[in-house]
Amino acid sequence: MAVERFPVEAGHVLTFRRALGHDDAERGADTSTGMPVPVTFVQASAQFDPHYVLRPHPGEEWFGSAAGPGFTATGANGLHAEQSYEIHQPVRIGMVLSSTERPGRTWEKVGRSGTLHFSELIVEYVDEHGVPVVTATSVGVRTVPDGADQ
Amino acid sequence: MTLLADLEVGASRTVVLVEDLTRTRIVQYAGASGDYNPLHTDEPFAREIAGFPGVFAHGMLTMGMTARAVTDWVGEDRLTRIGVRFSAQVWPGDTLTATLTVTEVAADQATLALTTTNQDGTVVLSGTATCAV
């Protein structure tokens, strides 16, 4: 996800550490230490992407259930197959990151339920000075049943 | 946290990441990460629209918990790379256990193999991590 401004905030790190089960999650709220954050925390930059497709937006229809069960949304029907992070420097509370994204490799594999289409997305996170912080590579997969249009 | 000198090839650690995973824990991760995909938190959507037996955890929750086990061992600012593959879904009620094994030690880094399994022994995540020593 491309994000112009991703401030690494203590309270956000606290909630993230709690969700992962860190038994010292409250350390995440200590703004005095410059402590490193969980390596997967950059994924939470989604909170700062104004157009993130996997978050409801005011005035826009959400594809999850309400009175009815919801519907299949364009661009949200894949699954997460792989994820990696190259850490060039630890992310610390107080940093302000930004990110850019680019597509990577694509490939296909025939599975039992159809053809699996894999695609890479590479996200580069840099600090306030443009210095690389983390390179994140995700692989998404969507299945096209045999005989179906893509 | 371990002494880095203890990271020798073959050294291993097994960590229970979560017992009896709750739906609320999945919601907690959705809120913190910002990934509100209803596949993970919305039973009617997961069953009736997506065709799954029910909601299942974000792969990134499993990866984050596995990474927690790694950094609890080697130190939070020593990790230089981590990469994983999600091989099976994680469902509410699952108990996950990570096994971390040192596979290579060089002058300035160590490589660990990561495997996370559920209560049935099914591998839900596998990968590697590299840390500076």
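Author: Happy to! In chain B, 63% of the contacts with a separation of 6 or more link residues 24 or more positions apart; two residues are in contact if their C-beta atoms, placed from the backbone, lie within 7 Å. This is a predicted model, in which local features need pLDDT of at least 70 and side-chain atom pairs count only at pLDDT 80 or more, while totals for chains, interfaces and linings use all residues. Residues are numbered from 1 along each chain as its sequence is written, and chains are lettered from A and ligands numbered from 1 in the order in which they are written.

Let's start with the overall layout. Chain B has three helices and five strands (DSSP runs numbered from the N terminus: H or I of at least four residues for helices, E of at least two for strands). Along the sequence they follow the pattern β-α-α-α-β-β-β-β. The C-alpha atoms of this chain fill a box of roughly 55 × 30 × 20 Å along the principal axes. Of its 133 residues, 45% are buried, where buried means that 20 or more other C-beta atoms lie within 10 Å of a residue's own, exposed means 12 or fewer, and partly exposed is in between, with C-beta atoms placed from the backbone.

Now for the helices. Helix α3(B) is largely enclosed by the rest of the structure, because 15 of its 16 residues are buried. From first C-alpha to last, α3(B) reaches 23 Å, close to the 22 Å expected at 1.5 Å a residue (the expected span is 1.5 Å times one less than the number of residues). After α3(B) comes G75(B), with a positive phi near 110°. Helix α1(B), residues 23–33, has among its buried residues I26(B), Y29(B) and A30(B). Its buried residues pack against α3 of chain B together with α1 of chain A. G34(B) follows α1(B), and its phi is positive too, near 90°.

The largest nonpolar core has 59 residues, and V134(A), V70(B), L79(B) and I82(B) have the most contacts inside it. Such a core is a set of buried Ala, Val, Leu, Ile, Met, Phe, Trp, Tyr and Cys residues joined through C-beta atoms within 7 Å. The most to this core comes from α3(B), residues 59–74, which gives nine residues. V134(A), leaving aside its neighbours within four places in sequence, is in contact with several residues of chain A, including V42(A), Y85(A) and I87(A).

How do the chains meet? In all, 36 residues of chain A are in contact with 35 of chain B. On the side of chain A that touches chain B, α1 (10–20) and β2 (79–87) each supply at least two residues, and β2(A) provides the largest share, eight residues. The residues of that side divide into 19 nonpolar, 13 polar and four charged (Ala, Val, Leu, Ile, Met, Phe, Trp, Tyr, Cys and Pro count as nonpolar, Asp, Glu, Lys and Arg as charged, and the others, Gly among them, as polar). Strand β2(B), residues 79–86, runs antiparallel to β2(A), with five bridges joining them; strands pair if DSSP finds at least two bridges between them. Within that pair, Y85(A) stands opposite I82(B), one of the residues with the most contacts inside the core.
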